[in-house]
Amino acid sequence: MASLLFRGLQVRPLCIYPSSLLTKKVGVFYCTSNSLHSQSVTTQNQPKTQSKVASRNQGTTLDKLLKDYEAVIGLETHVQLSTITKAFCGCAYNYGSEPNTNICPVCMGLPGALPVMNSKVIEYAVKLGLALNCKLSLNSKFDRKQYFYPDLPKGYQISQFDVPIATSGYVDLDLPLEYGGGHRKFGITRVHMEEDAGKLIHADGGNHSQVDLNRAGVPLLEIVSEPDMRSGIEAAEYGAEMQRLVRYLGVSNGNMQEGSLRCDVNISVRPRGQVEFGTKVEIKNLNSFSAISRAIDYEITRQVQLHNQGLAYQIVQETRLWEEGAQKTVTMRKKEGLADYRYFPEPDLPEVTLTKEYIEDIRDSLPEIPELKRRRYEQMGLSMQDVIFLANDVNVAEFFDATLSKGADMKLAANWIMGDIAAYMKNEKVSINEIKLTPDELAELIDSIKKGTISGKIGKEILFELIAKGGTVKGLIKEKNLVQITDPAEIEKMIDRVLAENPKQVEQFRGGKTKLQGFFAGQIMKESKGKANPGVLNKILLEKLNAKS
Amino acid sequence: MLTTVNHHHRVFLLHRSPHFILSPKSLHTFSPKCLSSSSQTLTQPPQNHPIITLPTSQILSIRHSLLNRQLTAVEIAESYLARLRHAEPKLRSFLHVADEESVLREAKEVDRKIANNEEVGLLAGVLVGVKDNICTSDMPSTAGSKILEGYRPPFDATAVKKVRELGGIVVGKTNLDEFGMGSTTEGSAFQVTANPWDESCVPGGSSGGSAAAVSARQCVVSLGSDTGGSVRQPASFCGVVGLKPTYGRVSRYGLVAYASSLDVIGCFGTSVADAGILLHAISGHDSFDSTSSMREVPEFTSKFTSLNILESRPLQGLRVGIIRETLGDGVDENVVSSIRAAASHLEDLGCSVTEVSLPSFSLGLPAYYVLASSESSSNLSRYDGVRYGNQVTADELTFLYGESRARGFGPEVKRRILMGTYALSAGYYDAYYKRAQQVRTLVQKSFKAALDENDILISPAAPSAAYKIGEKKNDPLAMYAGDIMTVNVNLAGLPALVLPCGFAEGGSAGLPVGLQMIGAAFDEEKLLKIGHVFEQTLEGHSFVPPIVAGFAS
């Protein structure tokens, strides 16, 4: 950073209205890196966030290292709120907009401009605070956190310092089964409201940087955990649970690639049995849950090895960056004492006062949070595998719940969703909200199979049609004449025809080659265009084959 | 909103023959020769002009003349512009004067409306000076700092917007101490403004330009800002009415922040009525300032009593507390005697005047400087060389910041940033900032107690009359001490009105002394009512500086 030439670093919005900025600056800034764009949307709803968090090999070496040492891990999570407007002005924020198109005097920090609180931010903070079982401060306030950086237009960030809106909570979660499973409860130290900064764009090979203030003033909630985690898996799962939670609550899209959810890790290692913590290291630049897990495992290994070599003094309080390419952490900056942000109460904003009624109204409107959903599914009798899968994605869980509310069989609904529907979504890279199948129709489909109106095989066929094109189960059955044939007389006719056409095989069967039953059944099913009820079919078929022997 | 129809109760104000503005003929014949002859009239004590002994509302006079078709807005604008140009080389009140064409264009628009019998706002045709730390979209807004040199905001401050909506014409941006930090206007990065009563004296500050401009009748009224006395002290030095409203009464949106919890936009006028009318125009809740109050804004001037029907003791029964701590050591004798005289004048009007003690009074000054400096160190962080001022080329970011700020800020601003940064630093916060906040609470409580017992409190607006340019420039502590009379009011967020009440020695005609009246929160109405009676009954003084008398004659 320091080596950059700041000669050309400038946004010059001084003489022009923001609106004229748009026209003027388009083309001057070309936005961020391509990688950010290419992987946006699709990952959001894919229920795989918690898989493959660490390689097995590293796991075993780690296990050895951790025989004598223990890692202490806490996370700071920044959640970008999906409010319509920014925290303190009327600007919208749309990820990926042309630089400096969503800005105004307030978020640009122009002289004389003043912040005005967006009450949605408080509502979302209260929602999250309640969902994290926190104690809410009826009177909290905003403070200014002061530091200089070109992406910080006012020279201070409006944040909350000594009186955050929520404190002393906890979160429950279930570890993925592939890592041994288990339930965990991690403490939440605090949740506070603050504003985001802008972004610096470093032109390729240029001797200057540019400032994009679109993100400046976007509301954030910072969630600080207790140092309750002991492994990369636990930390990654904590992060994943935060993502689930904010998506369940609808306060953020929780998208890590877009930076809507950002996790910084604090980690120290100490010999087992030691009470005081080891020297804390902060890790930044963690863009996925698996990166969190891998970075922590790397860092534990690094620190334990230093301990083992008698070089523990080389572990210093510092900020390290996770390098995804090299799969290691490197020093970003060493902290010389604590940074002094000279916090003081923000005089431009009144205190935040919450009434009991306000809090209760929000509590009453809270949706079922992931932990409650999982416990409910568990009690319903679903396997832990199913529970974790279904509750992972709020949209999938809502789809499942809606299907059940139409009277569908729970186990069958779970199987359809986790099987063919999930496979389709994965292949087509779509979310459950994007498929054409509705919970109503899935329930109808399950019911039709259960009642015997259609066969399971036919059910599977029309499922894909329902997913891709929509329509109703009834309509498709009628349109394609797919109603199952259960009339024994009709099936018997088909059996007779097939047996007559294959005398040789009939003889072989009767000669003891009973495996041929499958051949006949297949032929008859083909004759019926798949519509014959397999039970009836097999029953009559066996009768016929055995009768004349 | 004030409209023409309900003005009859104020007609008394118009009974007086309108003076300065209404001498267009003499203005038209204005020549350099007149100028030189005017310097002779300066020697004449203005007290000898009985016609201008009592202040009248220029705003209402203008309105009267316009609506009665006695004068056009263009004529009025021209007369002020002429006086502005005449005085400006001596006073240097303005950092930027509006383009004459655009002023006249706006005046023509007023005339057109009047000719068409369209409704015009109460400030129609009124030339308003605006302190240069208040944003205007059509003029630079530098806050008197090099770091904002050439800066043109993309928006009007809410107060400016409201003035324009009522037909007011912004005639220019007035000089100030950089970012409002100072009490002499010598702290401007661009020029030093002179006191219209004695050009070798300071006009006070930080709103020295606004005060001097109104005093010299370069404009009708003006907007200033008051963080620790920056409206009231220059009003006192320049012999005009200065009104600092309750914190939250006027939106701060568009006021370049110095100390956000203390800053208010205030008004200057040559009469209490004008200050009140201007305040009414700019008051009210603003959705762009969450510290602005939702309270209703009363018609501040509606309870003004007509002189014709003034009883002998119009303020009968009012309790006035004179603050003991403001008349002790370190306060000029001239000032003390003027305030004592003002107190007995109030008694003559029917008030009961008693001494009150505010024990925390002397604590206010250090508390003010800790809080104001702390907040300013934060508010001025945005001027980092990245976007404002001359960016110094640097290989390292910290050097860019350091150099750009070192070159962009003046010494007083740097001093306060350093003090504030220190006060907010880890380990010092409790000893300075927190303690100062505790003092602030004490000050608020003691004012509250005193105002429970009294309708208003009175004190000098400054310990002395205007002093010489350069006199305190290198002695910041002496300058800070001059704010003792005013800072407590900001700490308590209360409204205060300063109006001229007497003279101290100095200049050719003496230097004006201001009386400060402090009221309960949001009770500007009472202050203005008392102030109006006071000014209309104060005989034997004229607060028109020689520079004006000379020009008009």
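# Exercises on a predicted two-chain model

Let's start at Gly456(A), which sits in helix H13 (residues 456–469) of chain A; helices here are DSSP runs of H or I with at least four residues, strands are E runs with at least two, and both are numbered from the N terminus. The model is predicted, so local features need pLDDT of at least 70 and side-chain atom pairs count only at pLDDT 80 or more, while totals for chains, interfaces and linings use all residues. Residues are numbered from 1 along each chain as its sequence is written, chains are lettered from A and ligands numbered from 1 in the order in which they are written, and side-chain values use heavy atoms, with hydrogens and water left out.

**Exercise 1. Take apart the salt bridge between Arg144(A) and Asp348(A).**

Step 1: recall the idea. Side chains of opposite charge can pair when their charged atoms come close. The criterion is a side-chain nitrogen of Lys or Arg within 4 Å of a carboxyl oxygen of Asp or Glu.

Step 2: read the distance. From N to O, the Arg144(A)–Asp348(A) pair comes to 3.0 Å.

Step 3: Arg144(A) belongs to strand S4 (residues 143–146) of chain A, and Asp348(A) to the loop between strands S15 (344–345) and S16 (352–353), so the bridge ties together parts 204 residues apart in sequence.

Step 4: Arg144(A) is buried at 0% relative accessible area, and Asp348(A) is buried at 3%.

**Exercise 2. Find out what the salt bridge between Lys544(A) and Glu492(A) connects.**

Step 1: the N to O distance is 2.7 Å for Lys544(A) and Glu492(A).

Step 2: Lys544(A) is in helix H18 (residues 534–547) and Glu492(A) in helix H15 (residues 488–501) of chain A, so this pair ties together parts 52 residues apart in sequence.

Step 3: Glu492(A) is partly exposed, with a relative accessible area of 33%.

**Exercise 3. Describe the salt bridge between Glu403(B) and Arg407(B), then zoom out.**

Step 1: the two side chains, Glu403(B) and Arg407(B), meet at 3.3 Å, N to O.

Step 2: both belong to helix H13 (residues 397–408) of chain B; they are four residues apart, so about one helical turn separates Glu403(B) from Arg407(B).

Step 3: Glu403(B) is partly exposed at 24% relative accessibility, whereas Arg407(B) is exposed at 60%.

Step 4: zoom out. The whole structure has 62 salt bridges over all chains. There is also a salt-bridge network whose members include Asp174(A), Glu237(A), Arg244(A) and Glu378(A).

**Exercise 4. Work out how helices H12(B) and H14(B) pack.**

Step 1: get the geometry. H12(B), residues 364–379, packs against H14(B) at about 100°, with the axes 7 Å apart. Axes are lines fitted to C-alpha atoms, for helices over the stretch in contact, and angles run from 0 to 180 degrees between N-to-C directions.

Step 2: classify the angle. H12(B) and H14(B) are therefore roughly perpendicular; that label covers 65 to 115 degrees, with under 35 roughly parallel, over 145 roughly antiparallel and the rest oblique.

Step 3: list some contacts (heavy atoms within 4.5 Å). Among the residues that meet are Tyr369(B) and Val370(B) in H12(B), and Ile417(B) and Met419(B) in H14(B).

Technical notes
Buried means under 20% relative accessible area, exposed over 50%, partly exposed in between (1.4 Å probe, protein chains only).
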